[in-house]
Amino acid sequence: MAFELPKLPYGLDSLAPIISKQTLEFHYGKHHQAYVNNLNTLVPGTAFENSSLEDIIKKADGGIFNNAAQVWNHTFYFFSFSPKGVKEPKGALVDAIHKQYGSFPEFKEQFATAATTLFGSGWAWLVKKQDGTLDIVKESNAGNPLRNGLTPILTCDVWEHAYYLDYQNKRPDYVKSLWDILDWEIISKRY
Ligand code: MN
């Protein structure tokens, strides 16, 4: 069964100026779509023909892993945003953040530092470990924490294609701006 690019729950112009329409046209419309297309070209005839995206991420290597993880990561990233989202975590995630980081602002600081200092292309993640505690991890390239038995809660794409049109080389400004469009109603349910 072919993989598909999921339709976004918001308009391409609705996250501006944090993420411009032009960036979404390229990042979602071209890059994300290309990972879907590549995966659909690579999978037929392999052991992964009937596998879920998550199974492929946990077991595959090389091009199949890279494209499957990039499809999953981008869907997870794009589906964390909303033009009028809830600005603070809710429910059990609030307690977990307070326990681990002291406060929500302190968590934001540590997450932003991880995203900003990740060398090269990759993803910064907030994850839930099997014991329920949280961690912030950096993954290079298509890296995905599902491979290590962790549950992704939040991610930040720091590949240059995610921010270069809007922020050029200023990755810290991009990372800082994202807090205004993240929807913690959605994110909190992942914990
Ligand atoms: Mn990307």
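Hi everyone. Let me start with a term: a residue is buried when its relative accessible area is under 20%, exposed when over 50%, and partly exposed in between, using a 1.4 Å probe and protein chains only. By that rule His-161 is buried, because its relative accessible area is 18%.

Before going on, please keep in mind that this is a predicted model, where local features need pLDDT of at least 70, side-chain atom pairs count only at pLDDT 80 or more, and totals for chains, interfaces and linings use all residues. Residues are numbered from 1 along each chain as its sequence is written, and side-chain values use heavy atoms, with hydrogens and water left out.

Now, the metal site. Which residues hold the manganese ion? The protein donors are His-27 (NE2), His-74 (NE2), Asp-157 (OD) and His-161 (NE2), at 1.9 to 2.1 Å from the ion. Donors here are N, O and S atoms within 2.8 Å of the metal (3.2 Å for Na, K and Ca); water is not among the atoms, so the site may look incomplete. Along the sequence, the donor spacing reads H-x46-H-x82-D-x3-H. His-74 sits in helix α3 (residues 62-78) and His-161 in the loop between β3 (151-157) and α6 (164-167), so this pair, 87 residues apart, links distant parts of the chain. Helices (H or I, at least four residues) and strands (E, at least two) are DSSP runs, numbered from the N terminus. His-74 is buried too, because its relative accessibility is 0%.

His-27 brings us to helix α1, since it is among the buried residues there, along with Thr-23, Leu-24, Tyr-28, His-32, Tyr-35, Val-36 and Leu-39. Those buried residues pack against α2 (53-59), α3, β3 and α6, where contact means heavy atoms within 4.5 Å.

On to the hairpin. Strands β1 (residues 122-128) and β2 (residues 134-140) run antiparallel and are joined by 7 bridges; two strands pair if DSSP finds at least two bridges between them. Trp-123 stands opposite Glu-139 in β2. Between the strands are 5 residues, and Gly-132 in the turn has a positive phi of about 90 degrees.

Last stop, Ser-177. Is Ser-177 buried or exposed? Ser-177 is buried, because its relative accessible area is 16%. This serine is found in helix α7 (residues 171-177), and it touches Ile-18 and Tyr-167, leaving aside residues up to four places away in sequence.
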